[in-house]
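Work through these exercises with the structure open beside you. Try each task before you read its solution.

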Amino acid sequence: MFSREEFISRRGKVFDRMEPNALAILPGNIQMGEFLPFRQAKEFYYLCGIEVPNSYLLLDGRDRKTILYLPKRDPQRERSEGPSLSSDDPELVRELTGVDEVRSPEELLRDIPEDAEIIYMPLRPEFHVPPGPLSGWKSRTEYLRERVQERAPRAEIRDLSLITAPLRLLKSDSEVEVMRVAGKLAALAVTEAMRCARPGVMEYQLAAVADYIFLVNGAKGGGYNPIVASGPNIWYGHYSRNDRRLQDGDLVLMDYAPDYKGYTSDIGRMFPANGRYSRWQRELYGFVVEYHKALLKRIRAGVTAEEILEGAAEEMRRLVEKVSFSKPAYEKAARGMLTFKGHLSHSVGMEVHDPGDYRSEPLRPGLVFSVDPQMWVPEERLYIRVEDTVLVTEGGVEVLTGSAPLELEDVERTMREEGLLDIWKGWEI
């Protein structure tokens, strides 16, 4: 949990970027099912830190007042699930969040002035429902927008994410501390999966090993669907069915990170199911690892993403000229990496693909993003990649997931160590 001062500071920065007469309205998430774990809406959590379903937040730019709307106490639910913060706890809520007032959700629409001119709302839905012939369901964001527009028909509705995304892009010191733990847990999980990988193990068992690492270390579980792709499944970048049994000779891609205090990380490693890289695996994955290191060593404050990509491509171009690839398709794939602009990937934070653009200006301390060099060999349906989450610092770069083995020999050595699945032999049944 972040301090009340942190939340006050975040809201102050939003107020500074809003028009003085504007309002901002943020809905929290609803409870999706009676016994499903609750995950709060990211924008809402970022500005107040409250994890109570069916809550709302109002930022009134006219007097820079913040009002938090929480459901009233439900004695019947509390008898079943235990106590929860409510609008009946105003002093405690104000102490935790630094908001000015605490009210019930029924009062929200009445608090919106009918003559409001500008109202900001997060318009990017947290849960996207794809259109279909029978889908008439509206997201909570869409429904709230309609109700707000009915209350204030003259108001221009603007996307609050255009304000919050740049703020979320630069992490505070307290956010960095949380993300260090998230990165460490992601690295621990992938490392333990390496120890447990062998022919006969199911992909989902490696994901379960990661879940164990996350949960026993204070995370809520995974920050996104686990990607554990073996053999032919490595061709699919976001494969997550995880229902195939590892076979001798497979290469395994694992990409999975925790939800730790509302933040996550991003990592990618590829390792041989039998514990030893084959010739083609060593050739291709080894090249991508070298590309990864060429990118990492160029990251520092003051340079642009384009400069990093150009410098790494020039270094790897010299390597391509020296290497004798075993197949023309492999050399073609390596050369294709030299012009690909996605090796420096997305921002990372509360979401694994966090909003915000860091490529349009020089890098700044506090930026957290993923470094993810990628190679495609379509002739053999091979997709090779290695990924780390990095923090730009005053002195250079800190690799938040860097404790996971990267060099091929280190991976093979780790895979010879005893792992969690050696304790329980049920996987052999």
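## Exercise 1: A ring pair

Phe-2 counts as buried, at 7% relative accessibility. Buried means under 20% relative accessible area, exposed means over 50%, and partly exposed lies in between (1.4 Å probe, protein chains only).

Before going on, note the ground rules. This is a predicted model, where local features need pLDDT of at least 70 and side-chain atom pairs count only at pLDDT 80 or more, while totals for chains, interfaces and linings use all residues. Residues are numbered from 1 along each chain as its sequence is written, and side-chain values use heavy atoms, with hydrogens and water left out.

**Task.** Find how many aromatic pairs the whole structure holds. Then describe the pair of Phe-2 and Tyr-263.

**Solution.** 

Step 1. Apply the rule. Rings of Phe, Tyr and Trp (its six-membered ring) pair if their centres lie within 6.5 Å; planes under 30 degrees apart count as stacked, over 60 as edge-to-face and the rest as tilted.

Step 2. Count. A search of the whole structure gives 10 aromatic pairs.

Step 3. Look at Phe-2 and Tyr-263. Their ring centres are 5.6 Å apart, with 70° between the planes, and the pair is edge-to-face.

Step 4. Phe-2 is in the segment before α1 (4-17), and Tyr-263 is in the loop between β8 (251-255) and β9 (269-272), so the pair ties together parts 261 residues apart in sequence. Helices (H or I, at least four residues) and strands (E, at least two) are DSSP runs, numbered from the N terminus.

Step 5. Check the cover. Tyr-263 is buried, at 0% relative accessibility.

Step 6. Look around the pair. Ring pairs link Phe-2, Phe-7 and Tyr-263 into a cluster. The charged end of Arg-10 sits over the ring of Phe-2, 4.8 Å from its centre. For this, NZ of Lys or CZ of Arg must be within 6 Å of the ring centre and within 35 degrees of the ring normal.

## Exercise 2: Another ring pair

**Task.** Is Phe-287 buried or exposed? Where do Phe-287 and Phe-325 lie?

**Solution.** 

Step 1. Read the cover. Phe-287 is buried, with a relative accessible area of 4%. Phe-325 is buried too, at 13%.

Step 2. Describe the pair. Phe-287 and Phe-325 are edge-to-face, 5.9 Å centre to centre, with 70° between the planes.

Step 3. Locate the rings. Phe-287 belongs to helix α10 (residues 279-296), and Phe-325 to the loop between α11 (305-322) and α12 (328-337), so the pair ties together parts 38 residues apart in sequence.

## Exercise 3: Salt bridges

**Task.** How many salt bridges does the structure hold? Which residues form a network with Glu-351?

**Solution.** 

Step 1. Start with the idea. Side chains of opposite charge can pair when their charged atoms come close. The cut-off is a side-chain nitrogen of Lys or Arg within 4 Å of a carboxyl oxygen of Asp or Glu.

Step 2. Count. The structure holds 45 salt bridges.

Step 3. Take Arg-151 and Glu-114. Their side chains meet in a salt bridge of 3.2 Å, N to O. Arg-151 is in helix α6 (residues 140-151) and Glu-114 in the loop between α5 (108-111) and β5 (118-121), so this pair links distant parts of the chain, 37 residues apart. Arg-151 is partly exposed, at 26% relative accessibility. Glu-114 is exposed, at 52%.

Step 4. Take Glu-351 and Arg-168. The closest N and O atoms are 3.0 Å apart. Glu-351 is in the loop between β10 (344-347) and β11 (368-371), Arg-168 is in helix α7 (residues 161-169), and 183 residues separate them. Glu-351 is buried, with a relative accessible area of 18%. Arg-168 is buried, at 1%.

Step 5. Widen the view. Salt bridges link Glu-43, Arg-168, Lys-171, Glu-351 and Asp-354 in a network.
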